[in-house]
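Here are some notes for a colleague who is opening this entry for the first time. Please keep the model in view while reading the points below.

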Amino acid sequence: MGKKSTQVALGGLAAALCTLLMFLTGMIPFATYALPAAAGIVLVAVVVENGASTAALVYGAASILALFVVPDREAALMFVFFFGYYPILKFRLDRLRSKPLQYALKFLIFNVAIVVAYLIVIYLFGIADVLESFGSFGRYSVLVLLLMGNVVFAVYDFALTNLIWAYIYRLRPRIFRHRG
């Protein structure tokens, strides 16, 4: 099988798996964040095997599919606005020599993406009234949730680093033994 057909096959399988994982959020309500994160991890194999540009195409296809077929809109937006492209972007960010710059950019990207996604969720789906009903607690709860989200993101980034390592050095050699 040629290199292009292998890229297309892997890309199609990855897009289908991402979409399937996202679709399951409609059946498993508490998986609104876990399954979009897992769907993003699928793109690690595409980046390693076919490069960031192919992974970006797969992300685009999976994002469009998620917006149309995923019943949990919040989960679809989490994939589109962060979890889908972050594993692709992580490969570039981890190449930066300065660790403080690396982490500053990662947290900046995370915070901007989450705030934009939730502004869309709040104002497009009319949840602003719910926040206002909590009074001043509603305002502060958003900040507390964002702070907790940053802690979870730090754990996710660390876990993603370990998963990338495990894929490249443990799983990949077993899958592609026949390659020289």
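1. Phenylalanine 79 touches Cys18, Met22, Pro36, Ala39, Gly40, Tyr59, Ala62, Ser63, Gly84 and Tyr85, leaving aside residues up to four places away in sequence, where a contact means heavy atoms within 4.5 Å. The model is a predicted one, in which local features need pLDDT of at least 70 and side-chain atom pairs count only at pLDDT 80 or more, while totals for chains, interfaces and linings use all residues. Residues are numbered from 1 along each chain as its sequence is written, and side-chain values use heavy atoms, with hydrogens and water left out.

2. Phe79 is also among the residues with the most contacts inside the largest nonpolar core, a set of 39 residues, together with Cys18, Met22, Leu43, Phe82, Tyr86 and Tyr156. Such a core consists of buried Ala, Val, Leu, Ile, Met, Phe, Trp, Tyr and Cys residues joined through side-chain atoms within 4.5 Å; buried means under 20% relative accessible area, exposed over 50%, and partly exposed in between (1.4 Å probe, protein chains only). At least two residues of this core come from each of α1, α2, α3, α4 (73-83), α5 (86-93), α6 (99-124) and α8 (136-175), and the largest share, 8 residues, is supplied by α2.

3. The protein has 8 helices and 0 strands, these being DSSP runs numbered from the N terminus (helices H or I, at least four residues; strands E, at least two). Of its 180 residues, 37% count as buried, and among contacts between residues at least 6 apart in sequence, 70% join residues at least 24 apart.

4. Not counting residues up to four places away in sequence, Lys106 touches Tyr86, Lys90, Leu93, Asp94, Phe153 and Asp157.

5. On the surface, Phe23, Met27, Ile64, Leu65, Leu67, Phe68 and Val69 form a nonpolar patch with about 680 Å² of accessible area together, an area that comes from the Shrake-Rupley method with a 1.4 Å probe, for residues with only the protein chains shown as cover. The largest share of this patch, 5 residues, belongs to helix α3 (residues 52-69). Methionine 27 lies in the loop between α1 (3-23) and α2 (34-50), and it is classed as exposed because its relative accessible area is 55%.

Conventions: Patch = residues over 30% accessible without salt bridge, like charges linked within 9 Å, V, L, I, M, F, W, Y side chains within 5 Å. Salt bridge = Lys/Arg side-chain N within 4 Å of Asp/Glu carboxyl O.
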